[in-house]
Amino acid sequence: MDTKRADKTLNIDYRFPKTGWMDTPVEFKQGMFCHGSKPKDLEAVGFPNPREWSSKDKDWKLPANWKEIVLNGMKERLDKYRSFKLFMDICVRCGACADKCHFYIGTGDPKNMPVLRAELLRSVYRRYFTLSGKLFGKTAGARELTEDVIKEWWYYFYQCTECRRCSVFCPYGIDTAEITMIGRELLNLLGLNTNWIAGPVANCYKRGNHLGLEPHTYKSQIEFLLDEIDTLTGIKIEPTFNRKGAEIIFIAPSGDVFADPGTYTAMGYLMLFHELGLDYTWSTYASEGGNFGFFTSNEMGKRLNAKIYAEAKRLGVKWILGGECGHMWRVINQYMDTWNGPADFLEEPLSPITGTKFKNSKTTKFVHIAEFTADLIRHNKLKLDKNRNDNLKVTFHDSCNTSRGMGIFEEPRYIIKNVCNYFYEMPEDTTREKTFCCGSGSGLNATENMEIRMQGGFPRANAVKYVREKNGVNMLANICAIDRAAFPALMDYWVPGVGVTGVHELVANALVMNGEKERTTNLRSESLKLATESTEVTEKDKKQRH
Amino acid sequence: MGISFSLLAVTVLILIAYSGVKFAGLHFFFGVVIPYIAIATFVIGIIYRVVKWGLSPVPFCIPTTCGQQESLPWIKQDKLENPSNTLGVIGRMALEVLFFRSLFRNLKFEVDVANPTEMKDESRVIYSSDKWLWLSGLIFHWSFLIIIVRHLRFFTEQVPSLMRLLENLDGWFQIGLPHFYVTNLVVLLSVTYLFIRRVIIPQVRYISLAADYFPLLLILGIAVTGILMRYFSRVDIVDVKILTIGLVSFRPVIPEGLGIIFYIHLFLVCTLFIYFPFSKLVHMAGVFMSPTRNLANNSRMQRYVNPWNYDVKIHTYSEYEEEFRGKMKKAGIPVEKG
């Protein structure tokens with residue numbers, strides 16, 4: 001897809017097909033789906049049925065007993081997850097969720113309405129697990145499980161970012177993320193994953209992070225950032241790796257360490273911790289906060305997540321501090337302790353700087369860096385020069401997972417308002433619990449599916465465009481590594497001239513460090529003079545990105 | 001297809017009651033046997049469904065958080081939209097069940113261009129509040145509840161004073177005799193609206209099944225026959241009460257003179273009761289069990305246990321170090337085994 005084309009038009013046809021959805025076969029449209037998983041990646045973690053296959057092929061080479069596998073898989077999950085069983089039963093199809101999905105708004109494809117996405121699975125549930133479905137078939141909304149149904153599942157369960165926006169509006173709290181997660185688990189039983197998810201999972205399993213950086217590379221990548229910081233501030237920072245006896249272990253999404261503009265956020269972490277004199281360590285073994293395993297199956301999510309507590313225990317730290325990442329925090333908040341706890345070898349987190357006890361992380365012993373930093377600012381522990389961010393007019397994107405699976409709204413805003421003079425909110429129906437997904441979450445941030453990413457990201461981009469026109473916003477802040485990876489392309493496409501930043505990049509820009517030389521540029525080597533239009537920002541950004 | 005099937009189904013139900021009573025004279029069957037079956041099916045069915053859901057555990061603490069989390073002491077938590085304790089959850093559930101909180105959020109989106117199917121760069125998406133579904137849903141459910149409670153007068157010898165108060169409130173809008181109940185009109189209007197929106201809103205029409213039209217038409221049938229009985233082909237309340245008191249005291253008698261409309265009304269109600277536990281209508285019980293609503297967002301403060309949690313194979317640190325020890329040492333990263 002040409003993301004630079006001049007005529008940016010989304011041709012969305014909201015009219016409905018003449019045929020009912022069960023009689024409308026799935027059509028694999030170019031740019032809307034990812035490459036299929038490779039056998040080596042499935043083998044690396046022991047996933048079933050690894051094989052060469054392509055999502056574009058007619059024959060997906062399903063195992064002979066595929067139907068039995070799926071139906072048994074459903075049965076097992078109906079018994080294991082009340083959410084699944086309940087959500088199969090109680091939907092009244094009121095339609096409240098229908099136009100809440102960014103993919104539906106952006107594509108007009110009826111099967112992207114959350115209710116219909118769920119019906120894709122529900123129809124099979126009715127046919128094989130309910131009396132009415134067995135007796136009345138299609139009239140009762142039931143259908144046979146066929147290979148085409150499997151393909152349809154694969155196409156649409158990888159067109160859902162598990163963002164949970166629909167679940168906010170559902171009168172029964174039916175959560176499509178739950179349904180998509182189960183749907184993906186079932187597909188994984190047949191060896192049907194995407195390359196973009198299975199690859200990072202395999203990497204993370206063996207090497208500790210999605211990018212597959214080996215320990216020395218991970219370290220040298222951070223050292224590269226230290227050089228940048230040295231150039232900027234004249235301060236030499238010497239963080240430690242895999243150090244036993246540190247007070248805190250810091251876990252960040254690996255995207256921050258490796259890819260722009262996340263690297264500026266990583267520099268922010270490094271500068272902040274140095275300035276505080278924090279007794280902390282990085283880990284190359286647990287070098288991933290994110291968890292693409294979570295996008296395949298509960299078990300894989302748990303297997304990848306297990307490293308964090310294991311490493312915290314091995315190094316003998318007191319508690320864990322976590323970087324800015326969306327689904328990482330959904331996992332920490334709602335899954336981690338249940339999966340891999342109790343972390344009774346750790347202590348209740350206590351800020352060594354302010355003495356604040358983070359009571360809300362009493363059992364996980366895992367503190368969000370936005371909570372940590374907000375607390376520092378509240379206690380006046382940081383010397384901040386807001387004016388250094390004056391070239392930025394900032395808006396804040398609430399990431400799906402931290403919003404609807406955690407509720408961290410005020411902490412990042414408090415930080416931004418303390419480090420930036422210009423902060424503007426997007427329209428309220430597009431922020432906080434009603435925030436729109438970047439369109440690339442839950443492992444959809446590949447390149448071959450750029451079309452769906454641009455379409456799914458359209459509602460978010462449109463809201464950014466609104467504040468860009470109204471307030472001259474030129475920077476989209478967020479606390480999610482996938483946002484930082486995905487938004488640059490989305491902004492270039494829909495709202496050129498808006499950059500993307502993590503909150504701790506803004507913090508580091510404003511942070512007056514002890515012994516620093518006078519700063520003439522920000523972390524991105526841009527002049528600190530007030531820029532009315534940050535065209536040079538985006539030009540530079542583009543170069544680094546492409 | 002769904003509509004005609006449902007319409008046919010309700011018509012057949014009416015015909016069954018009509019012919020069963022009128023031609024076959026099965027007064028006892030329709031007046032006593034079916035109601036007992038219906039009540040038993042309803043009660044056992046609901047219990048069965050709830051127990052069946054209950055047997056599946058909730059392995060993870062997955063509330064959908066719709067407000068600020070409990071955080072630092074100076075940050076104001078949204079205790080109802082993001083509760084962190086049982087009290088908050090009770091409040092959240094009460095708002096949900098009594099006032100349909102989530103539906104109240106409903107938005108619609110529009111695109112401000114001539115042709116909304118061409119979303120151009122300069123297009124602006126506008127979201128605005130859309131409360132019609134919430135309003136119709138809420139008044140429908142409340143009216144229905146009040147009507148059911150009003151009907152309880154048939155099952156007690158003395159009408160409790162609370163019920164009288166409710167009747168008086170409901171009947172404040174008096175047109176002639178008997179008192180005209182507001183809920184009767186409201187239930188009729190709201191069900192009709194819910195039906196019409198299902199037919200005319202393209203998204204909703206596209207997803208609607210027979211199972212969506214049928215209960216609406218069934219309830220419409222119940223409401224219409226009820227209203228007919230009360231205001232038009234007047235039924236003798238005393239006769240009805242003889243039947244109902246007989247039923248609840250397990251000494252059923254069939255009084256003479258109960259018109260055919262009464263039997264149709266009763267049969268449709270019984271059908272609803274029987275149908276209820278095995279259809280989407282169980283959302284009435286299900287909403288209380290929804291894990292995205294009925295859990296506190298406190299899994300970082302309090303351990304949440306998954307009953308079927310099991311050990312998994314992980315790539316251990318020693319395996320990792322084994323593979324990379326050389327490179328780690330070279331890079332100055334500490335290792336366990338020299």
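Predicted model: local features only at pLDDT ≥ 70, side-chain atom pairs only at ≥ 80, totals over all residues.
1. Along the principal axes, the C-alpha atoms of chain B fill a box of roughly 100 × 55 × 45 Å.

2. In secondary structure, chain B comes to 13 helices and three strands.

3. Chain A is likewise divided into domain 1 (21–193) and domain 2 (201–545), and the centres of these two domains of chain A, again taken over C-alpha atoms, are 32 Å apart. Between them, 27 residues of domain 1 of chain A are in contact with 31 residues of domain 2 of chain A.

4. On the side of domain 1 of chain A that touches domain 2 of chain A, at least two residues each are supplied by helix H1 (39–45), helix H4 (102–107), helix H8 (165–169) and H9 of chain A. The largest share of that side, five residues, comes from H4(A). By class, the residues of this side of domain 1 of chain A divide into ten nonpolar, eleven polar and six charged.

5. Helix H9 (residues 176–189) of chain A also packs with helix H7 (residues 147–157) of chain A, at an angle of about 130° and with the axes 10 Å apart. Since angles over 145 degrees would count as roughly antiparallel and 65 to 115 as roughly perpendicular, H7(A) is therefore oblique to H9(A). The crossing of H7(A) and H9(A) is left-handed.

6. The residues that make this helix contact are Trp153(A), Trp154(A) and Phe157(A) from H7(A), together with Thr180(A), Gly183(A), Arg184(A) and Leu187(A) from H9(A). Sorted by class, the contact of H7(A) with H9(A) has four nonpolar, two polar and one charged residues.

7. Turning to the two chains together, the contact takes 100 residues from chain A and 85 residues from chain B. Helix H14 (residues 298–315) of chain A gives the largest share of the side of chain A that touches chain B, namely eight residues. That side of chain A has 42 nonpolar, 25 polar and 33 charged residues.

Definitions and conventions:
Residues numbered from 1 in each chain as written. Chains lettered and ligands numbered in written order. Contact = placed C-beta atoms within 7 Å. Helix = DSSP H or I, 4+ residues; strand = E, 2+ residues; numbered from the N terminus. Nonpolar A, V, L, I, M, F, W, Y, C, P; charged D, E, K, R; others polar. Axes fitted to C-alpha atoms, helices over the stretch in contact; angles between N-to-C directions. Parallel < 35°, antiparallel > 145°, perpendicular 65-115°, else oblique. Left-handed = near helix turned anticlockwise from the far one by under 90°. Domains from an automatic or database assignment.
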